[in-house]
Structures are given as structure tokens and as C-alpha cells.
4 protein chains.
Amino acid sequence: MHFASDNSGPVHPEVLTALAEANQGYQMAYGADDLMNEVRDRIRGIFEAPGAAVYLVATGTAANSLALATLSQPWETIFCSPVAHIHEDECNAPEFYTGAKLTLVPGGDKMQPDALRRTIAAEETRGVHGPQRGPVSITQVTERGSVYSLAELQALCGVAKAFGLPVHMDGARFTNALVALNCSPAEMTWKAGLDAVSFGGTKNGLMGVEAVIFFDESKAWEFELRRKRGAHLFSKHRYLSAQMAAYLRDDLWLRSARQANANCARLADGLRAAGAQFLHEPQANIIFASFPRSLHKRLHAAGAVYHLWGDPLDGPDEDEMLACRLVCDWSTPTEEVDRFLALL
Amino acid sequence: MHFASDNSGPVHPEVLTALAEANQGYQMAYGADDLMNEVRDRIRGIFEAPGAAVYLVATGTAANSLALATLSQPWETIFCSPVAHIHEDECNAPEFYTGAKLTLVPGGDKMQPDALRRTIAAEETRGVHGPQRGPVSITQVTERGSVYSLAELQALCGVAKAFGLPVHMDGARFTNALVALNCSPAEMTWKAGLDAVSFGGTKNGLMGVEAVIFFDESKAWEFELRRKRGAHLFSKHRYLSAQMAAYLRDDLWLRSARQANANCARLADGLRAAGAQFLHEPQANIIFASFPRSLHKRLHAAGAVYHLWGDPLDGPDEDEMLACRLVCDWSTPTEEVDRFLALL
Amino acid sequence: MHFASDNSGPVHPEVLTALAEANQGYQMAYGADDLMNEVRDRIRGIFEAPGAAVYLVATGTAANSLALATLSQPWETIFCSPVAHIHEDECNAPEFYTGAKLTLVPGGDKMQPDALRRTIAAEETRGVHGPQRGPVSITQVTERGSVYSLAELQALCGVAKAFGLPVHMDGARFTNALVALNCSPAEMTWKAGLDAVSFGGTKNGLMGVEAVIFFDESKAWEFELRRKRGAHLFSKHRYLSAQMAAYLRDDLWLRSARQANANCARLADGLRAAGAQFLHEPQANIIFASFPRSLHKRLHAAGAVYHLWGDPLDGPDEDEMLACRLVCDWSTPTEEVDRFLALL
Amino acid sequence: MHFASDNSGPVHPEVLTALAEANQGYQMAYGADDLMNEVRDRIRGIFEAPGAAVYLVATGTAANSLALATLSQPWETIFCSPVAHIHEDECNAPEFYTGAKLTLVPGGDKMQPDALRRTIAAEETRGVHGPQRGPVSITQVTERGSVYSLAELQALCGVAKAFGLPVHMDGARFTNALVALNCSPAEMTWKAGLDAVSFGGTKNGLMGVEAVIFFDESKAWEFELRRKRGAHLFSKHRYLSAQMAAYLRDDLWLRSARQANANCARLADGLRAAGAQFLHEPQANIIFASFPRSLHKRLHAAGAVYHLWGDPLDGPDEDEMLACRLVCDWSTPTEEVDRFLALL
């Protein structure tokens, strides 16, 4: 009953098999391996973007920081949600790589077009004194488990485009959002107006691989230099390629995300039936729910693992509603979900 | 007959097995995995350094840049060889991470104590105007395949210590040097005066793992923050730990390096017998040799793969001596060495 | 009738005289001039801080950025008001110099201890993932013309100290606050708990000089290196020293600030009598007031110069209340204030 | 008899007069002052460059660092002399502002076209691994008092242009070189192939002003943002403008440099007649000469002030030749030169 994080589950067996298959003889280092050609072709095909620049790195923070550095200048500001991973959870890595400031768009987890428009507009009145407007970064799935609809993405991109600003997507859980929306990758990205995507694999069954995709190939060489300068270019790159190739073959990426989302929905349904309240309506593979301390204690005693969101497990009031975060990944066994629900 | 690089060979099967074994159930993310405890204990034991701080990253450039950033200040200068990897092959990553300047110690591949002393001394006369003296970085095995003796390491560290400066070792090929010297890790590091080591695994059979070791634990927390800020902290860290654990179990690290060095020596002996000249006396797993263009052509035609070092294969003079670099790794088949030598 | 900024007035004649007096013969460059000794002694005396480290730079942004860089680490966050000059008006200079993130303490212009405590506390739960807590920066006089009382400063410093964090004061208008509070420099700084101050002179009659004062001398050498590395060390430093020396001799700094504050109070009284509303209660030399568009038009037509704060002068509604900012400096003629008031 | 530095002399009286004249009433801040229009027009006229972008900063290090940052990328390398001020005397400020590496062109003080070509060429073989080629920076007058001829400048720029690289001139002593060559500013800059110039004023009689000139105006806005972000934009900018305007009016810049060079030549002639040896043939306002210790002692005893270049004044051998640096500025009295020479 492990629902703490989609970072703590194992790697999908098909990925391990692909690593073993890649482990034959010599291969060119530093991204010149044959498998990277397959990866590039598959991503271009899947995204209907034949001219896209495609690169692999090993961490989501690297993907975000390098993509944003390539889209911005050090005297600019990057617009994001107050709970964006790039703001809260990357220990100033985006600032380190970009030199830019992060400007938080007021509101909750999900960025609203009007708030974005006002925030961007407010950055225009200081000439050389204030930071200049830079890229907008959208998190899909959001940090609180919500999924922007295509219309919402289009609206946000529309605001950015009206100011001439590029848009980046932190897609650490890209595929969980994609299968929730049941749309195409092109629809969720460049057709909505996005310029660059951190296309996550690690949280969805890989060992540690994220693709960075630029729909405008003119940024390609700069990105390559930034990746090397950031120490994120792998010598034995074939093992990144092999993971991503396996991910994209035979729909592993889609199967894994669907499985995670389905178990999450099953969990949410059970919680709802048991009277839990949802801080955010679960749409993908993350749940933010609150229920009484007494129930949390029972679940923990039975071995359930997940994060409380603010309050301690121990406390005087057994009826106090405590918020928690529950996450499913591709490997969450449905039986464990059911065991958990049985405890409710 | 592939002698191009120790970055292009496969991963050792024992490492793949370890990855598969690690791929069971849930594990704490971000370095809190159980295997990391094993890694830390093994490295502390092997280095006879019970208080050492031990961290894993995935690239050698990350190991070097983060270690040096932790040892230096942005107004300092880092002393290194003119052919050091940190200077020539990391696209300004050390400057990016440290903010410091790299000062080249005149001379060849191998740093000489007198030249180091003069270079450090020359940085003292400008007060606030010049950069301040910072760490010394030594590459072991050097970029040209040489190995510093213990006495040489002690002498270099002695110079640094006389100025109160810390010393870092870029040990991308640490184990190749260690088995060449037939000494203990402690002797080749802290007993000689070193403060921090990039302990490489990738070139010696791992997929992509380097340990950074600080013998003074007081730098530990700063390193952790720098690693995260550099986007080099892996969420599914257990797969780094698993590689390094396998590397250190059952002497795999030593076996692999001995195998690489032995094949390199066999190759060198054959080349010597055939009249090749050595630009640097091979001591570990890299050879810099020169022999006539006609012989290079014959070898290439037969499928040998390696880097020419400066001149093109095609040229008018068949007798011209062309320099080349030949590298063996753990996976180089002895039969391939012999096939190569048979062509001489 | 020029009330646009205390950056657009002239230099005090006593300062020009001091520059002419300093312009004799040779002087050691780079801060080793005799006048700097006088400046250091005067500031240590005035602040009752015999061990303080004292440095001069030419811009307020340099003073703030260098002071904060010396107090922080690049993986930390600096706590400040949402309207702090370091956040809004320095084009990412603080981020450039510190590498840190600026975290805005919710609320208005003036930082509140409870909000500061909550904001600092909220930065503690992420371990290595979130930025670490760093210095608190307080602006005195605030950007909206308010002055923190000694009790308020003590309360803010108390919160910071409870978390072990250093406190910096952006004192671009330090003396305007000091004379408003009628306290000693020591009371307004280290006795309240501050660690470093940007002690402004430019807005109070100098050509371009700000002192940076560290009450803990251990930061001195680092600051000197950061100043040089930031290209802010003047070769002909005596001309910075001469300005600051003149400023501190014969109470010029106090006389100038009292004059500015008095004219500002006179202006505020007149505006209040005429029915203007104050967005912030004026306490020093800046007024934020709103009154009808028709009155703004009349004032502008008569030659008054000041900044509207948000809305355009032209607009359909003559009765609409438009906010504006009015600033006095040492050079504002009282007759001009009276001419302005006569137009009301 | 003060020949230590052109940083330790006073400001020209015409400059002080101009500062006093500028000190009337209100002026727009941050470079929008009327005097800046005059400065821009004068510089464009003098350089025959009607489209040039012209900016003022207060230190030479700021001029160099900001100009180079505008011409380079952080993954590039800047080519310069091993004794360039940007390398030896700016405490990593160029690295801080540019993020780039400085690559030293082997040879002496004066860069040679062949050495530059070889050095640039050597930076091409590593793809993404090595830093990329960036701007060339030439110091005119050199750090050792030499002046590049127009043909030499053209040759160096020709090499840079053949590789598509921009060229910057550190012209801290621009006018001393200009009057030595007796050519036009256009000939010594853009007609020779230069892209940007740090046009120094401080060492030639100003209080602290350097202009940065870009002959390609497309860099203008980026420079403005970098200047502000570097904390080098002055609020009371009119006092920078006033100095530079005075400098360019009535040929003060040329008169001052001619005076300095003439006194330097007089000094050199006397030293030559007395048997001194020259390390570099003096061409502008700096002399590097060596003569016996006994003579140095006599000069010092008589009150002469200048820097010995390597050896201490005290030493056993009275006949040992000790190198020294002697500098004249606009203010050096000819009688002092003659007093010095009389001591020989």
C-alpha cells in the first residue's frame, strides 16, 4: 500500500529488457548512438512535428531548467504558478540555469488566463528597471493533480502569444495528462501554442529519462551547448535512448499512464464513497484528499504509506480532517488499492 | 577492434544484474534508498575514511564541477593542467558551477610541483585585483594516459598545502591508476593530501555513475544543495546506488580496471615491437602512439576504430608518422587486441 | 515644482566643494585614499560601531546586491516586501549577484512580523528540494514612503534571529527615516538587530555614493572581493570618499534629510487640507496621494512634475481620483511647495 | 615625482567646472539627461559612426565586462593576451558577467596575428565538448605600454573576422594610443574591424567615466539591460555625462593624452640617455625600464614614487638591474619629470 510518490516505484520490466538489449558491443557516445535516432524519429512522429529538436536528460529539473534557459534571457522573468515545481522544489536550479526571476501568477495551483494576463501586463511599466517579460511555464499534470483542458492550454498560450512570449510545459506527468484528456500529443502541445516541452518518463516507469522537445528547431544547438555546460550530456547516452525508445515502443508510455490513472480513479472513488473530501478534483494519478485523523491512523497502522499535507499524524483531535497526498504509478497493484479501500 | 573510447563500450553484466535486483518494489527517492547506505559504507571502508561524505552523480563533468564548486569561491582560480578535462572538454561547466577562473599550470599533461608552485606564487601580488588562489585539480589517470606516482601526488599536494589550498582529483579513470600503482585508495588520496575525489565508474563498466568523496565531512550539506541546484539529484536514485554497489562488490571495479590495463599493455607491447613511438609512456588504459600513415590505413581498412590525433588519415606521404589515441576498457576482447597486433 | 524623484535633483554645494578640495595632487587609488580613513572613522563613530566594515559604491543597486550576496548563498531565498526595490526595480541584479531567489512576504509595502514568520516557516519543509532560508531585507524608508518604527524593526529582526537569519536594510533613504524617527543610527540598525546596511547618500544630495556597512567585520574581505568582481571598485576612489566625508561633516546628511522631510510634510498638510486622500501616511520625503483628475490636469498645466501611479492623465472622468507619487529632496524650494499648494 | 599610476592623479579642472555647471536644477535620471544627448552626438561625430550605440559607466572593469558579455555567450571563450587587464586585474569580473572562459593567446603583451589564428583554430575540434569560439579582446594601449599600429589592428581583426568573431578593444588608454598613432578614432576602431570599444576617460583626467561604444546598434537594448542588471546604471547620470561632455569639448581628451605622452617621452629619453634598458619600447604614457638598484634607491630616497616590477628595492647587489613601471598622466608636471631626470 505504497502511495507516497511516483518516484519511488520500480522501472518497468520492458525498460530493463531494452537496457539489456542495448548493452551489446560498442556505440558512439554523447548522443550519437543509433537508438537516439529511433527516439528522435518516434517523438517527431508521435508529436506530428517532423522538424522538432529532441534531446534527452536524466532529471526533470534538468529538463525544465535547460529548456527555460534556452527560452529566456537572464534579465527576464518566467511566469509560473505559485506551487510550480520549478519554484518550490528545484532549489533555485531554474534561477541558476536561466539567471532569470520567477514571477508567480496569483491564484491557486492552476494558472488562470486572466491572472496571467494581468501579471504579464504588470511587468511592463518599468523600462530597464524591472525584469523583462520572459517565458510562461505551465505544469501539466499540475502539482495538485489537475489537468489543464485543451481549451485552458490554448487560452494560456493565447495570453502569452499576445505578449510575444514563448510557452514551456513542465510535463513530468505529461502522459498522465494526455490519457486523461484523451487527445493527441500535438493537440496538447504545439497545436495549443506551446514552444517547448519537458516530456517526462521517470515518473511513468523509466529509470531516469526526460525528453526536451523544441518545436522550433532553431534553438537546437544552443540547447546542446547548455546541456553540456550543465554537465547533463551523458557519455554512455545509449542507455538514456534505450529507455526512451522502449517507452515509446508498443505504447508502453500510454499503457503505464492509463494504468496509473485507472488505479488512482479507483482509489478516489473509494475515498469519495467513504466520505473523504477532495482539495483538488483528481484527474490523473495524484489525489489530494482529507479525512479524519482516526482514519489516517488506522491506515498507517495497517502499513499504508503516503504523505500528510501539513498536519502531523499525532494530535489530540481524532475527528480533525487531515489533508494528504496519494499517488499511483504504473506499478501500483490494484489489489493494494483494494486493500487500502477495504480499510476505509 | 574498437579502441576509440572507454565511453563507448557496454555496461558490465554484473551491473545489469544489480539493476534488475534493485528493481523490486518501492524505495525512498533522492538518495534515501537502502543501497546508498551500502555504497557509503563500502566507499568509507575501501578508502579507510569512516567520516567521508559520499555522493553519486551521473556524469564525470557533474562530479568535477560540483566538487570544485564546493571547494572554491567565485573570485578564486583553480589550478590545473593545460590539457585537463575540466579545461578542454567540459564546455565551461566548471566555470558555470564555480564562477571561478581556471589557471593553467605551464608544462605538459602531467603537472610538475615546481611549475605548480610558481603558478600559485604568481597569483599573490595583486590584492583584490587578481583572482584569489583556489583549489588545485589533478587528473589521475591523466588525459594522456600517464599515472602520477604516490610521490608525485604527495609533492603536488604538498605544494598546495603550503599555500593552504585544497586539492581535488578528477578520477574518471581512478581505478585504472590505482591498479597501475598497486596501492590503496587511501594512499592515492587523503594520505597523499587530497581533499576530494571524483571517483569514476562510467569509464570502467558502469552505465553512468561517479561518486564524489569529501574526506572532510563539513562540506557535505553544501554539496547536497549544489547537487540539487545543479539538477543532478536523481529521484530514482537507487539505480545509481545499485550500479556503484555492484561495482564495489566482489572487486568488480578492480577486476575491470586490471583487465583494461592488461589489454592496453598487450597492445602497447605489440606496437612497441612493431616500431611505434609513444608520445606518452602508457601506464593505464590509454595509449598515445605514432606510426606511419600506411599502417594506419591498413588498420582502418581492416576495421580498427580509434582516433587520429591531429592529422588526417588521407595524405600524400605514406611514411609520415601520424599520432593516434587507443583506449581499452573492461570489455575489450583480448582476441581483438591480438587481431589488431597481427595487422602490424 | 519638480516632485518626480529624489534622483533628479542636484548635488549639494558642500559636496561639490569637497570634490574640488579632494582634487589636489596624487592619492592612492582603489580605496586606499586618506579620505576613506576619515569616512570609515566617521561612520564607525556615528553608528557607535568601532568594528564595523565600511565600503563605498556608486549605486544603490550595487550596495544592495553586494551586501545581500555577502549575506547569502546561491541556494537560499531572500525575504522581502512585494514592492521592495530589490524585487521590482533592479532588473534581476540581486539574483545576478546572489544567485538566490527572492521570496515575497505577503502583505503590503511594510513587512509584518507575523507574515514574515509564516513565510520563513513555510520554507522549511522541503529539505534539499526547496531553497534554503536566507537573509531578510527591509527597506527603510519603504518604497511607499512609510517608516518602520524601532519597535517594528526590532520585531522583524527578532523573527529573523529566531530562525538564525541575517537582516539587511536597504537604506537608500536611511537618513530620511532616521530624522523622522528622531533616533540614533545605532538604534535604527544593530541595536534593533540588523547585520548590514546600505546607507544611501545619492538620494540625499550626493552625486552617487552609498556606503555598505557590516556590523560583523568578518564579512569584510569577502565584500571587497565581491565589489571588485562586480566591477564596482573605483580607481579614483577619493571622489567617492570626498562625497561621503562631506555628507557626514557638519551634519550635512541630517540637515538635508530634515529639509526634505519638512517640505514633504508641508506638501502633505496642504494636500490634506485640500481633500486629497493618502494611500500611505507620509512619514518621510515621499507622498502617495490621490485627488481628482481635474486637479492633476490643473497642476500639470501649471508645470508641476510628478508621477501618476497607474492611471493616465487624460481620461473621460474629471472627478476620478487618480493616485500619484510626490517626492521632495534636500533641494526642493519651499516656495515651489507653496506655489504647488496655491494651485490646489 | 609621482609616476605610480594614471589612476592616482587628480581630475582635470575643466571637468570639475563641467560638473558644477551640470549641477543646476532638475534633470531626468538614468541616462535621459540632456547632456547624454550631447555626449552621444559628440562620440558619433568623433568616431564617424552616426548609428553607434553609446553608453557610460563608471569603471573600466564594468565597461569591459559589460561589452564582452554583450558580444559573447556563456559557453564561449574570449581570446586575449596573457597580460590582459581582463585576465589579470579584474578578479574574475569578465567571467562573472559573461560566463565565458578567457583563452590566452600565447606570446607576450602584444597579441600576434599568427598566434591568434592558431589559438582560435585550436578551439574548433571538440564539438559540444569544448567551449565555442567567442570574441577577441585587444588592449590598446597594451598593459606594457605598447601601441598596436593600424596595420596590426587590421591584421588581428582580419583573423577574427575570418572566423566570424567579433572584436572588442579595451581602450582604458584609448586616447594615449590615438595621439601616438596620429590617426582618427574611426581608423583605430571600426575601420580596422572592431565591433565595440571601451573608450576610457578615467585614466586621462576624468573622475570615473568610460564610454562603451557598439558600432552595431543592434546590441543597444541588451547592453542597457545588462548595465542595469550589473548595477552600473547611475541614477544621477548627468554627472557621468557632464564629465564625458567636458572631455570631448575643446579637445580636452586629446590635449590631456598628448601632454601625458609628451612627458612620458621626455622621461624615456632621459632614461635612455642615462643607460636604462627598456623592457618594452615606450609609445604612449607608460614606461617599463630597468636600471641599477643603486639608482632606484637614490630616486626613492629623493621622493620618486613608482612601482618596481618584480624585485624588492632592498637587496644585496647594488648593480642588479631592477625593472620598474613609470606612468605619466595629464597632470604630471614637466618640472617633476625634469627633477627626476636630474637625479639620474
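The legends below describe close-up views of a predicted model.

**View 1. The fold of chain A.**
The secondary structure of chain A consists of 14 helices and 11 strands. Of the contacts in chain A between residues at least 6 apart in sequence, 74% link residues at least 24 apart.

**View 2. The dimensions and interior of chain A.**
Along the principal axes, the C-alpha atoms of chain A occupy a box of roughly 60 × 55 × 30 Å. A compact globule of 344 residues would have a radius of gyration near 20 Å, and the 21 Å of chain A agrees with this. Of the 344 residues in chain A, 65% are buried.

**View 3. The interface of chain A and chain B.**
Here 47 residues of chain A touch 47 residues of chain B. About 4,100 Å² is buried between chain A and chain B, and carbon and sulfur atoms give 61% of this area. The residues of chain A that lose the most area to chain B are Tyr26(A), Phe96(A) and Lys236(A), which together account for 21% of what that side buries.

**View 4. The side of chain A that touches chain B.**
Five elements of chain A give two or more residues to this side: helix 1 (13-22), helix 3 (60-71), helix 5 (93-98), helix 10 (220-229) and helix 11 (238-248). Sorted by class, the side of chain A that touches chain B has 22 nonpolar, 17 polar and 8 charged residues.

**View 5. The interface of chain D and chain C.**
Chain D brings 47 residues to this contact, and chain C brings 47 residues. The area buried between chain D and chain C comes to about 4,100 Å², with 60% from carbon and sulfur atoms. Tyr26(D), Phe96(D) and Lys236(D) supply 21% of the area that chain D buries against chain C, more than any other three residues. Between chain D and chain C the rule finds 0 salt bridges, but 28 residue pairs are in polar contact, with both residues at pLDDT 80 or more.

**View 6. The side of chain D that touches chain C.**
The elements of chain D that each give two or more residues to this side are helix 1 (13-22), helix 3 (60-71), helix 5 (93-98), helix 10 (220-229) and helix 11 (238-248). The residues of the side of chain D that touches chain C comprise 22 nonpolar, 17 polar and 8 charged.

Technical notes. Residues are numbered from 1 along each chain as its sequence is written. Chains are lettered from A and ligands numbered from 1 in the order in which they are written. This is a predicted model: local features need pLDDT of at least 70, side-chain atom pairs count only at pLDDT 80 or more; totals for chains, interfaces and linings use all residues. Side-chain values use heavy atoms; hydrogens and water are left out. Contact means heavy atoms within 4.5 Å. Buried area is the accessible area (1.4 Å probe) that two parts lose on being put together, summed over both. A salt bridge is a side-chain nitrogen of Lys or Arg within 4 Å of a carboxyl oxygen of Asp or Glu. A polar contact is a pair of N or O atoms within 3.5 Å; within protein, one must be able to donate a hydrogen and the other to accept it, and residues adjacent in sequence count only if both atoms are side-chain atoms. Helices (H or I, at least four residues) and strands (E, at least two) are DSSP runs, numbered from the N terminus. Ala, Val, Leu, Ile, Met, Phe, Trp, Tyr, Cys and Pro count as nonpolar, Asp, Glu, Lys and Arg as charged, and the others, Gly among them, as polar. The radius of gyration is taken over C-alpha atoms; the globule rule is 2.2 Å times the number of residues to the power 0.38. Buried means under 20% relative accessible area, exposed over 50%, partly exposed in between (1.4 Å probe, protein chains only).
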